[in-house]
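Dear colleague,

I am handing over the structure below, which will be new to you, and after it I set out what was found there. Please read these notes with the structure open beside you.

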Amino acid sequence: MSTQETEARQEATAVVQPAGGTLRGVGVSAWFGSRRVLEGVDIDMRAGVVTALIGPSGCGKSTFLRILNRMHELVPIATLAGSVLLDGDDIYGTALPITEVRRRIGMVFQKPNPFPAMTIGDNVMAGLKLTGRKAPNREQLIEESLRRAGLWNEVRNRLNAPAGGLSGGQQQRLCIARSLAVRPDVLLMDEPCSALDPTSTRRIEETIHELKDQVTIVIVTHNMQQAQRVSQHCAFFLAAEDEPGRVVEQGATEHIFGSPEDPRTADYVNGRFG
Amino acid sequence: MAATRAIAPKPDEKPDISDKSAEVAMRAPRRRPRAWRWADVGEFAGSAASALLLTWLIFDRFLPFRIQGVAFAVAWYALTLPIYWLVVRDGHGPVAARDRLASILITTGAALALSPIFLVVGYVTIRGLGVIDFGFLTETMELTGPLSEAGDGGLLHSLVGTLQQLGIATLIAVPLGVLTAVYLSEITGPLARPTRLVADAMTALPSIVAGLFVYSIVVIRTGWGFSGFAGSLALTILMLPTVTIAAEQVLRVVPGSLREAALALGSPYWRSVLLVVLPTARAGLATAVILGMARVVGETAPVLLTVGGTNILNVNPFSDYQDNIPLFVFNQIRSSKETFVERAWGGALLLLILVLVLFVLARLAGGAGPGGKSRRRRGAAK
């Protein structure tokens, strides 16, 4: 029914910025089997704001991110508690079908994963095809998505080439374009630059900056400078030995990096551990 | 300058390099540490030659009786090894000698493992080549009697039967096999383990059992009688596990990150399998299908019990006796007439060619996807 309606609505709201959805984790805990990896996480991810999740390895930030678009449950032994609200609706509730949740909350993974059996153009359109929707103006959507991901000028002449021929950084931006083509309200990024060189990293950070007012962005990163550069809101995760991960401190990025209240945060952001 | 020039030119330098790079090359000649030199070949050839002469000396001059053939070759080989070892040790030291000796032994092993293939293919080719001509492919055995020449008659009826039966078996077995593979690798329901176990066990199913099963159920019970279709069913039983297992292994190689990417876009699971997993594995699936076909194209026992065998062309696989190439070979080779036996070898050669074509198709299909193409391109660029 509402592809065009939603589009129209989004275009309308795009004028009244910022666009995007508000995502809210309320008391989120997570388990793998009997091992608890995350406890009582409350984070508000507002529209127009890039939220960065930082913390040492194994502190549960990626798990939290995967809970935000129901990828967590792909692991057979994974369970969780608490709720995640997208514009006030529980994404684990019955009101929202799982496919709709994942369409509205897109995800970019750590390693670029374009579909190798498809061309660059088909990769961008893959989301629509996979959700069984028709694209009325294919060329336009491809161009728009690639432009938003900052890849258009590099691939405009080889949209019919296989996606595997792109460089790592280009592949990652292609994945971002693929996620944007289904017009998500929220974009989750799981260490999107960890496999990339500095130039590609900067290009993707620019992309994040340009997208910030169009879609809510949540990014997991191990790179303190990156968190400082791209985010406005920041949450510091930490897991003590044999304990689940918790949010030690969260707030405005300047605050977390400038004058953190918790000594552990200060130690981490200044590179004294982790 | 003159001095450099005097030592510089080397015979192994590429002749078509430009002046500037030639000068660079003159100053620092290119080294190829792993390339073989003529001296190495010479060492081996010399050792082999002296071993040959020594063997000849022993066999033809010293031994009171004559042993020829295999014993001669074995003795030659056995004498070459120590002579070569001594030569290399003298020139390059004991480590190099041991290294070369090991290389020769390993190469011998590889050659021995390969030799049956070449012997079989070579023998069948030599025996069969005389019979195969245009008429062999376009005539049947309907009017060919015991007194006909070997060049008369042909196996058109068998070729048609083989292609039809193989085609029908493929049409049935491939969808079933690929769906089973999808169940095993994508859905992994509670039946996955027993299914995989049964599929594994079925690859070892004796083909005569498959033939007997179809014979008793389809040919006898239903009263349908012998037909090409019954043969197809028997071949399907044999083909199904091969296709299933090969396809499952191919699907398992598809990275999980692609499935996650598809799901993260909001795709239902079945669409992600249909539009992402299967196309990604397309090349491998084609290989699986062709491997399954090659597995059954030469089966004789199951078709013997279900197809019947005939000398007449029957293009309807659903009723009456048909023939196929393995049956043709089986029936002709049992004859006491030399002409029939020769035709059997022709049929065997044609069967080999058919299998070869299927394997070439499998290799082509294996490298045909977008990924495969770029892989080849990358290899060529190096």
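In what order do the six strands of the open sheet in chain A lie? Before the answer, please keep in mind that this is a predicted model. The order is β6-β7-β8-β3-β9-β10, and the pairing within this open sheet is mixed. At its edges stand β6 (105-108) and β10 (246-252) of chain A, each of which pairs on one side only, and from one strand to the next the twist averages 15°.

Within that sheet, strand β3 (residues 50-54) of chain A runs parallel to strand β8 (residues 216-220) of chain A, and four bridges join the two. One place to look at this pairing is A:Thr51, which stands opposite A:Val218 in β8(A).

One loop of chain A deserves a careful look, namely the loop between α7 (168-181) and β7 (186-190), where A:Arg183 lies. The phi of A:Arg183 is near 55°, which is a positive value in a residue other than glycine. Is A:Arg183 buried or exposed? With 22 other C-beta atoms within 10 Å, A:Arg183 counts as buried, because the cut-off for that class is 20 or more.

Turning to chain B, you will find 17 helices and zero strands, and of the 382 residues of this chain 34% count as buried. Among the contacts in chain B between residues at least 6 apart in sequence, 71% join residues at least 24 apart.

Chain B is divided into domain 1 (38-121) and domain 2 (156-370), and the C-alpha centres of these two domains of chain B lie 45 Å apart. For residues 159-362 of chain B, UniProt gives the feature "domain: ABC transmembrane type-1" (unreviewed entry). Over those residues chain B is 78% helix and 0% strand, with end C-alpha atoms 21 Å apart.

Two helices of chain B were checked for their span. Helix α3 (residues 38-62) of chain B has 25 residues, which at 1.5 Å a residue should span 36 Å, and its end C-alpha atoms are 34 Å apart, which agrees. The buried residues of α3(B) are B:Ser47, B:Ala51 and B:Thr55, and what covers them includes α4 (70-92) of chain B. In general, residues three or four places apart in an α-helix point the same way, because there are 3.6 residues a turn.

Helix α13 (residues 282-297) of chain B passes the check as well, since its 16 residues should span 22 Å at 1.5 Å a residue and its end C-alpha atoms are 23 Å apart.

B:Thr188 sits in the loop between α7 (156-187) and α8 (192-203) of chain B. Is B:Thr188 buried or exposed? B:Thr188 has 12 other C-beta atoms within 10 Å and is therefore exposed, as that class takes in residues with 12 or fewer.

With kind regards

Definitions and conventions: Residues are numbered from 1 along each chain as its sequence is written. Chains are lettered from A and ligands numbered from 1 in the order in which they are written. This is a predicted model: local features need pLDDT of at least 70, side-chain atom pairs count only at pLDDT 80 or more; totals for chains, interfaces and linings use all residues. UniProt positions are given in the numbering used here, feature names are shortened, and annotations may be inferred rather than shown by experiment. Two strands pair if DSSP finds at least two bridges between them. Axes are lines fitted to C-alpha atoms, for helices over the stretch in contact, and angles run from 0 to 180 degrees between N-to-C directions. The expected span of a helix is 1.5 Å times one less than its number of residues. Domain bounds come from an automatic or database domain assignment. Two residues are in contact if their C-beta atoms, placed from the backbone, lie within 7 Å.
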